[in-house]
Every structure is written in structure tokens, then in C-alpha cells.
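Have the model open beside you as you read.

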Amino acid sequence: MTIQSKPIELHYWPTPNGWKISIMLEELGVPYEVRTVNIGAGEQFRPEFLAIAPNNRMPAIVDPEGPGGEPISVFESGAILQYLGRKFGQFYPTEERARVATEEWLFWQMGGLGPMAGQAHHFRQYAPEKVEYGINRYTNEVNRLYGVMNRRLEGRDYLAGEYSIADMACYGWIVPYENQGQNLDDFPNLKRWFQTMGARPAVQRGVKVGEEHRRNLSGDKQAQAVLFNQKAR
């Protein structure tokens, strides 16, 4: 069993991607320190953050007790979950078939559920012009993805068998289902899973991390200017 003596730095803002890592760290029960990255104020573009997260997106971590006892930084939430799962030997199975299943659903979230739900949020809540095509396109795609999860969870408690980083990755993107134009009553297996996840104490603690910073950006034009329509720097 790996013992963590120095806290892991969690560079974080309370969003679905940030929650993945705060939930994982709470589940692991390892010491960590939150370093807030106010994405609405542009703190993700600071040189010290870009040094560990070159894609100027949070979350990122710095583990002072990385491989060989030397510090390591990790960006991209999926890569962070895999790193922590390998290091601490929890929630990321070592048996190959189980690991493949976990990675399938982790990458499904990274490549599908997260990006599509994010676009649904944008077009439904923040787009300056409510374009029906964009709203329908992403709302319908999220609906399709919810259906994929619902079918997968028929007769299963969790996405990849045992509770894993795949479930942690997906949970935060279901939390704002109403903002995505979805009704969980249409997806009974997904709803059951969502309620099971939400009842876990570590999940509850993870979602509460930084909750005082959460706010609706609908009327904050300055924050929207920072977050949307970014180009290369």
C-alpha cells in the first residue's frame, strides 16, 4: 500500500472536470491541498499554471512524491485519474479485461459525454444568439449518450463492473442534467446509478470542494469573454 506523506497539489475549479479529481482524492483518503484556478478571471493563463498544464485547462496536479521520489505534474483529468489509480492501486483494476472496460468508459467520457454536454451547456445557456440548430444538435447528442449509459447500466451497479475511475469521470457531467435539457426519469438505470453515486460520502465531499466559488456565468460578460472564443496565444 502506497503511503502519501506530503499533500498532493490539486489545481482546481469546481466544474465537472475538477470534481473528477476531488472525488478521486477523497475516495483515496490521501492528503491534498487545493490551489484554486479562477477560470473566469483568466488565472489558467498564468505562466506558473501553464508550466504544469500547457493546455490552459484545469484540473492539474503536482505530486511531490512522484516516480523515484521526485515531483511530477500531471494535466488532463483522465490522465490524472489513471496516474492516481496506478499509484495507489485503487479504483483502476490491474486485471487486463477489467482495466480495458474501465478505460473504455473513461475515454468514452473524455471524448464524448464531457465535450457534448459542455457544448449543450454553451448553446443552451451562454450563446448570445439562441440558435435552434445548435441547441437541438447538442441536446439530442447528450440524450443519445445518456441512452448509451442507461443501456450499459442495465443489470450493473457501475459502468465497468466494480466502482472505478470511469464512474468518477462520468458523475460530474450528469449533475447538471437539467441544464443539458435531460430528464433522468427517461433513463431509469442511469438515474439509479446517479443516486448510488451521490450517496457515497467521498463523492459528496468531492463535489463540495470549492462550492463557494460556483456561480452561474450567464450575466457575467467579462468571465464569458475569458472563457469563450479563445484563440492561440
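Lysine 191 counts as partly exposed because its relative accessibility is 27%, where partly exposed lies between buried (under 20% relative accessible area) and exposed (over 50%), with a 1.4 Å probe and protein chains only. This is a predicted model, in which local features need pLDDT of at least 70 and side-chain atom pairs count only at pLDDT 80 or more, while totals for chains, interfaces and linings use all residues. Residues are numbered from 1 along each chain as its sequence is written, and side-chain values use heavy atoms, with hydrogens and water left out.

Lysine 191 has a salt bridge to aspartate 185, meaning a side-chain nitrogen of Lys or Arg within 4 Å of a carboxyl oxygen of Asp or Glu. The count by this rule is eight salt bridges, and here are some of them.

| Lysine 191 | Aspartate 185 | 2.5 Å |

Lysine 87 in helix α3 (residues 77-88) and aspartate 63 in strand β3 (residues 60-63) are 24 residues apart, so their pair links distant parts of the chain; helices (H or I, at least four residues) and strands (E, at least two) are DSSP runs numbered from the N terminus. Both lysine 87 and aspartate 63 are buried. Arginine 46, by contrast, counts as partly exposed, at 41% relative accessibility. Elsewhere, Glu9, Glu33 and Arg35 are joined in a salt-bridge network.

Arginine 152, in helix α5 (residues 132-152), is buried yet has no salt bridge, and glutamate 104, the nearest side chain of opposite charge, is 5.7 Å away.

Note on methods:
Lys, Arg positive; Asp, Glu negative; His and termini not counted.
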